[in-house]
Amino acid sequence: TGFVGQTLSFDGSGSTDGCRLRGRSTSSTSNIASPSLEKFNMRRIKTLWRHTTWLKRLPSGLILTVIFVLAVGSRVYWGTDEPHVLGRGDAYDYRHMAASILDGHGFSLSDDPPYQPSARRAPGYPLFLALVYAVLGRSDSAVLWAQSILGGVGCLLLIRLVASIFDIYSGILSGLVVAVHPTLARLAGYSLTEAFYTVCVIGLVLAFHSALRKSSLFFFALTGVLFGVATLIRPLTGAFLLFLWIGVWLWRRRLRFPVRSWLVMTALGIFTLLPWTIRNTIVFGQFIPTSVPAVGANFWQASLPFEDSPVYSWWITRTPTWKEKYPEWQVEKLAEGETIDSVKSTILMLRHERDLLRLAIARILGNPLGYLKSRMRAYPHLWLYSGGSPWLARVSFADAWLRGDLLRLTCKILFLAVFSLLPIVLAVHLLFSQ
């Protein structure tokens with residue numbers, strides 16, 4: 001990770017000579033942007049941390065090992081309770097396609113021969129599952145342990161990324177929060193893309209930051225490859241390419257070869273996607289970069305009013321009824337015909353995808369203010385999630401309050417404060433203190 005073998009030694013000035021990154025020493029909290037922030041308790045917390053006797057001599061390798069073990073252990077613990085969906089759905093498709101790859105039937109979702117090719121799922125995660133099955137066996141525990149270890153690696157990458165941007169203290173704190181975060185830990189128990197994808201995205205951002213900081217063609221090439229891999233796991237990552245371009249343009253004066261760097265990153269990103277895109281074009285006779293449904297279906301769901309959107313509120317339990325209310329949603333119905341004629345079904349789903357995209361754009365343009373309000377109402381679901389085990393997650397705050405279930409309500413408030421609100425407060429303080 002670049003820290004192993006170093007020592008976290010601190011002096012009264014707040015410098016961290018043992019954690020210097022490529023000759024750049026991290027700074028203390030002396031450069032506060034606003035006088036009002038000097039009274040913020042985080043200043044005391046950092047002072048106590050930096051002057052704690054036992055931490056002064058603690059090898060950074062030991063700290064990283066502890067965080068890695070915590071990350072793996074929390075994921076095994078929380079993920080054990082999570083069901084691996086065996087019915088029709090995302091998890092079933094990924095598991096089925098991975099088994100089909102190992103059995104020599106290719107990327108197929110057919111139960112019986114002839115095994116017809118499918119473009120309903122991007123290939124990245126099925127390939128990962130197939131690798132796990134081949135090495136560790138076809139079991140839920142194999143997937144859980146593989147994704148738990150991968151989550152530990154992601155925490156180490158995150159520490160490196162945050163430390164290279166801010167300081168080692170922020171990196172360790174970020175890695176620790178992510179290591180024990182119950183919502184992130186639970187993802188290891190699902191046969192879904194999130195656990196694998198999260199680590200790939202952290203690696204992508206770390207590679208891109210290193211490319212900009214070092215003006216290195218190697219890291220720009222690595223950024224392109226990781227972008228392609230992440231897009232093959234979750235197709236919506238394709239939109240990130242625009243932000244990568246913006247980053248290169250903003251940093252162009254500090255790069256030795258800005259045009260060459262942009263070309264290398266973009267070319268390798270496209271080349272990583274190219275084999276799968278060519279396969280889809282040959283098999284289905286349509287230009288399908290990753291999978292169908294993809295952008296159109298997700299964008300259509302995001303354009304729905306909040307009351308109808310497929311988002312479960314963090315505050316009160318409700319059951320979305322958008323599938324019954326909007327008959328234009330026919331993804332599951334069209335997917336059922338894939339086992340009969342995959343080519344015809346894929347073409348129909350591709351047309352349906354384009355129709356959903358047009359409907360979404362028309363709905364947003366018809367009421368842009370309503371769309372923005374709907375998105376703002378959905379954000380608490382993403383940020384204010386109490387997480388934890390199904391015992392906590394399946395009951396909302398309002399339900400726990402109305403039932404008088406003080407134990408569950410207290411636990412949810414604690415989870416909310418530690419894993420949702422505290423990271424936001426720390427992040428805001430860190431940005432203002434730089």
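Trainee: Among contacts in the chain between residues at least 6 apart in sequence, what share joins residues at least 24 apart?

Mentor: It's 67%, where contact means heavy atoms within 4.5 Å. This is a predicted model, where local features need pLDDT of at least 70 and side-chain atom pairs 80 or more, while totals for chains, interfaces and linings use all residues. Residues are numbered from 1 along each chain as its sequence is written, and side-chain values use heavy atoms, leaving out hydrogens and water.

Trainee: How many helices and strands are there?

Mentor: The chain has 20 helices and zero strands, both being DSSP runs numbered from the N terminus (helices H or I, at least four residues; strands E, at least two).

Trainee: Why is helix 7 called roughly antiparallel to helix 20?

Mentor: The axes of helix 7 (residues 168–180) and helix 20 (residues 406–433) cross at roughly 165 degrees. Over 145 counts as roughly antiparallel, and 65 to 115 as roughly perpendicular, so helix 7 is roughly antiparallel to helix 20.

Trainee: What meets what there?

Mentor: S170, L173, V177 and V180 of helix 7 meet F419, P423, L426 and L430 of helix 20. By class, the residues of this contact are seven nonpolar, one polar and no charged.

Trainee: And what makes helix 5 and helix 6 roughly perpendicular?

Mentor: Helix 5 (residues 124–136) packs against helix 6 (residues 140–165) at about 115 degrees, with axes 10 Å apart. That angle is therefore read as roughly perpendicular. Helix 5 contributes Y125, F128, L129, V132, Y133 and L136, and helix 6 contributes A142, V143, A146, Q147 and L150.

Methods
Axes fitted to C-alpha atoms, helices over the stretch in contact; angles between N-to-C directions. Parallel < 35°, antiparallel > 145°, perpendicular 65-115°, else oblique. Nonpolar A, V, L, I, M, F, W, Y, C, P; charged D, E, K, R; others polar.
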